[in-house]
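Student: Hey, I'm new to this one. Can you walk me through it?

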Amino acid sequence: MSDQALRLGTRRSRLAMAQSGQVAEKVRRLTGRPVELVEITTYGDVSREQLAQIGGTGVFVTALREALLRGEVDFAVHSLKDLPTTHPDDLALAAVPVREDARDVLVARDGLTFEQLPEGARVGTGSPRRMSQLNAYARSHGLTIETVPIRGNVDTRIGYVRKGELDAVVLAAAGLNRIGRSDEVTDFLSVDTVLPAPGQGALAIECTAENAELITALNGLDDPHTRAAVTAERSLLAALEAGCSAPVGAFADLLADGQIVKEMRLRGVVGTTDGSTLVQLSTTGPVPETYDQAMALGRELAAEMLAKGAAGLMGERAH
């Protein structure tokens with residue numbers, strides 16, 4: 001490989017810059033080549049619309065992918081949960097690094113945990129997936145909360161709590177960790193309570209499919225267990241998206257016996273936004289060793305969820 005600088009395409013947000021900077025450092029160490037960040041503005045960054053209305057997936061990804069295909073950047077870093085589930089043939093998912101904390105977290109006023117929230121607490125989140133599960137969890141604990149749709153970066157969202165407009169907001173642990181603000185978390189929401197978005201906490205490093213040399217180099221950052229887990233989660237999402245527009249939570253984790261990893265468990269949930277109806281199932285199988293095995297795990301669980309009525313939860317996208 002030449003010693004010419006590699007150009008890494010990134011979104012401009014503080015979080016994107018932080019996670020791209022961390023990847024750039026690893027790629028420098030791996031390849032011995034300088035890496036420069038190229039900032040690209042995406043439609044998702046400039047649009048003020050609710051994410052659910054501008055199509056959710058893909059809005060942060062398209063501009064980066066176009067820059068890759070035009071040769072303006074050599075590789076790009078995405079939050080894996082932003083990637084559409086269908087993958088373009090002319091791009092390669094060169095690496096899925098070790099996953100950060102996949103959980104959702106609460107940032108609440110006065111250091112409150114979720115169970116300490118007052119009756120009727122206003123909880124901000126832009127995600128129908130979070131609304132559905134938080135409402136269901138609150139209901140099962142005899143609590144009533146009001147979920148309030150919000151958008152914006154981490155500062156904006158936490159600002160609603162600091163200014164007293166909301167009692168709490170729900171964010172991804174990974175994002176706060178990457179920008180060094182995990183000390184603001186007042187409660188970590190267990191995956192047993194709120195299943196994360198498919199791929200949450202993981203990054204995707206992409207380059208063009210023809211750049212074999214770079215694919216080989218970037219592959220040094222790949223974590224096979226993370227890749228298998230997120231592949232299964234996204235396979236579940238893709239199969240449900242075909243039959244169900246309800247918000248999907250999914251999480252795959254490894255079950256170990258002592259030091260030996262024996263199996264992978266995949267859990268999935270879909271529900272109505274108000275949390276009154278949830279279809280939540282899990283399946284456990286051997287740790288997938290190939291892409292096809294990971295995909296099959298997701299598809300099988302999706303089929304069971306659809307058979308249990310997931311498709312009937314269509315309706316109400318949060319407006």
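Here is a chat about a strand and then a helix residue.

Tutor: First, this is a predicted model, where local features need pLDDT of at least 70, side-chain atom pairs count only at pLDDT 80 or more, and totals for chains, interfaces and linings use all residues. Residues are numbered from 1 along each chain as its sequence is written, and side-chain values use heavy atoms, with hydrogens and water left out.

Student: Okay, how many residues of strand β5 are buried?

Tutor: 5 of the 5, residues 104-108, so β5 is largely enclosed by the rest of the structure. Buried means under 20% relative accessible area, exposed over 50%, partly exposed in between (1.4 Å probe, protein chains only). Strands are DSSP runs of E, at least two residues, and helices are runs of H or I, at least four, numbered from the N terminus.

Student: Which residues are on each side of β5?

Tutor: D104, L106 and A108 sit on one side, V105 and V107 on the other, and all are buried.

Student: And which strand pairs with β5 over 5 bridges?

Tutor: That's β8 (residues 168-172), antiparallel; pairing takes at least two DSSP bridges between two strands. L106 is opposite V170 there. β5 also runs antiparallel to β9 (residues 187-189), with 3 bridges, and L106 has D187 as its bridge partner in β9.

Student: New topic: where is A229?

Tutor: In helix α8, residues 224-243. A229 is buried, with a relative accessible area of 6%.

Student: What does A229 touch?

Tutor: R99, A252 and M264, leaving out residues up to four places away in sequence. Contact means heavy atoms within 4.5 Å.
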